[in-house]
Every structure is written in C-alpha cells, then in structure tokens.
Amino acid sequence: MGELTTSDGVRLVYRDSGGEGFPLVMLHGWGQTQEMFRHQLHGLAPERRVISLDFRGHGLSDKPHHGYRIARFAADVLNLVDHLGLERFDALGWSMGTSVWWSFLDQYGSGRIRRFVAVDQPAVVAAVPWMSVGQQQQSGAIFDVAALVALGAELAGPRGEQARYEFVRGMFSGEPDPALLAFVAEQIAFTPAHAGVPLLFDHCAQDWRDVLPRVDVPTLVIGCEGSHVHPRSQQYIADRIPGARLHVFPATVANSHFPFLENPPAFNEVVGTFLGSTTN
C-alpha cells in the first residue's frame with residue numbers, strides 16, 4: 001500500500017505488487033475501489049508488476065469537495081505514474097476506468113502506454129437527443145439525460161443507500177452469488193454522494209467516439225454477455241480502434257459487469273495472453 005499527493009493536494013492510496021515485470025496500471029469504475037482487482041494484484045503477478053489505485057472520493061483515498069471530473073481523474077493518473085517513475089506501462093480500465101484512460105490518451109497521448117485493455121465501458125453512457133436510435137444502440141448508451149438526472153437526485157437524496165444498491169444489482173444478470181453482490185455493494189458505500197453524484201454526471205455526459213480512432217496502441221476490448229453493457233457496444237469500440245481485438249465472455253463464464261471477480265482465472269488468462277511479454 002502506498003500514498004501520493006496529487007497536484008491539487010489530494011491524498012490517493014494505491015497498491016503496487018512490486019517486482020521486475022512490466023508494469024500494468026489498473027483503474028476501477030464509478031463508485032467502486034481497487035479491491036475490484038483483488039484477484040489480479042497477485043493473479044497477474046509476479047510475471048508483471050500490477051498497480052491499482054483508489055480514485056479520489058473512492059475507497060481509502062481522500063474525499064475532497066473538488067475535482068470530480070474525468071479530466072481531473074486522468075490528471076491524477078498522470079500524477080500516479082510520474083510518482084512511480086513509470087516511463088512505459090500497460091493500461092487497463094474497467095467501466096469508468098476505461099473512460100479515464102480515454103481522457104488520458106486524449107490529453108497526454110499514448111507515448112508511455114504499451115498496450116491497452118478496455119473492459120465493459122460504452123463509448124457513450126447517456127444518450128443525447130441529437131443521437132439517432134442507431135447511434136445510441138451502437139455506442140452503448142444505457143439511459144437518456146433525464147434518467148441520468150433522476151438517478152443523481154436519488155443517489156443524493158434520502159434513499160441514496162437503496163439507490164446505490166439497486167444500481168449495483170442492475171449490473172448482474174440472473175441471480176448473482178450473494179457474497180459477491182454484498183462485496184460490491186459494500187465497496188460502493190465508500191463513495192459519498194458529494195463525490196459520486198457530480199462524478200457520475202460528468203462521466204455519463206462524455207462522448208468518446210471521436211477519441212476511439214486515435215487510440216494508436218495495441219488494444220483489447222472485453223465485454224460480457226451477462227452485463228448491463230450490451231456486447232454490441234464493445235464490438236463498436238473494437239471496430240473503431242485501429243487493429244483492436246475483441247473478447248466477449250459468454251454468460252456461462254461471467255454473467256455480469258464484473259468478470260474479474262466472477263471468474264478470475266478466465267479473466268486473468270485473457271488479459272495475460274494479450275499483454276504477452278512481461279519484460280519490455
């Protein structure tokens with residue numbers, strides 16, 4: 001466990017498996033924590049050096065009253081890799097963590113990233129009126145702007161705890177393992193409304209479609225048949241990132257938005273194979 005202070009004075013907590021292997025930096029999703037990757041920190045090591053982070057407002061990191069924008073989160077990640085002295089690294093993002101990497105690539109370029117893994121994140125989360133129905137379906141929009149505003153109001157209101165649980169439950173298909181559902185619900189409780197609500201709005205209002213064709217590093221896109229994020233949105237992303245590969249877990253392997261928790265061996269095998277060499 002380590003700590004750093006960002007350029008705007010926020011303390012962030014990270015984990016670093018150490019070792020001599022090529023670094024892999026893993027970013028979690030909205031309202032979750034680096035504990036999402038508890039099976040990867042050692043499951044993908046010691047061959048590679050695995051690094052994870054609690055975003056500001058999440059997990060064990062500080063929860064200030066500023067900076068809840070994807071662009072600021074990308075700056076926080078830049079602070080992290082600079083703090084660790086990483087000149088080159090592999091990047092993995094899950095859910096909102098993928099959006100943070102897209103913002104990182106958009107602002108800072110790909111010069112330090114060797115390979116990129118994008119896990120189960122739509123190119124657009126909240127559909128806007130000027131998108132056609134076909135564009136909304138292709139890009140993976142989950143709800144419209146009115147529904148996003150309503151969700152934010154619920155999360156910030158008196159039934160916020162129940163709203164968080166319902167939000168998490170909707171990311172599983174069928175009947176999830178009770179312990180796994182309870183674990184995910186427990187992690188989301190670390191993010192207070194003053195952090196989660198503005199961040200969710202900023203995250204869902206982003207449109208990354210123009211960034212995708214400019215991702216110029218080898219990329220693996222991962223989707224899940226059982227996720228609330230439709231696999232066709234992952235096909236859309238893979239089609240627009242030059243040379244990207246696509247892997248969709250069937251529902252018999254992982255039946256939710258959380259393949260790295262549901263089936264760690266399968267997830268680690270797919271990611272480890274794609275990342276390949278652990279030394280350069």
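User: Which helix does serine 139 lie in?

Analyst: Helices (H or I, at least four residues) and strands (E, at least two) are DSSP runs, numbered from the N terminus, and serine 139 lies in helix α3, which covers residues 133-139. Residues are numbered from 1 along each chain as its sequence is written. This is a predicted model, in which local features need pLDDT of at least 70 and side-chain atom pairs count only at pLDDT 80 or more, while totals for chains, interfaces and linings use all residues, and side-chain values use heavy atoms, with hydrogens and water left out.

User: Is serine 139 buried or exposed?

Analyst: Buried means under 20% relative accessible area, exposed over 50%, and partly exposed in between, with a 1.4 Å probe and protein chains only; serine 139, at 0%, is buried. In the chain, buried residues make up 57% of the 280 residues.

User: Which residues does serine 139 touch?

Analyst: A contact means heavy atoms within 4.5 Å, and, not counting residues up to four places away in sequence, serine 139 touches Pro122, Ala123, Val124, Met131, Arg209, Ser233 and Tyr236. Of the contacts in the chain with a separation of 6 or more, 74% are accounted for by residues 24 or more positions apart.

User: How many helices and strands are there in the chain?

Analyst: The chain has 10 helices and 10 strands. Its radius of gyration, taken over C-alpha atoms, is 17 Å, close to the 19 Å that the globule rule (2.2 Å times the number of residues to the power 0.38) gives for 280 residues, so the chain is as compact as a globular protein of that length.
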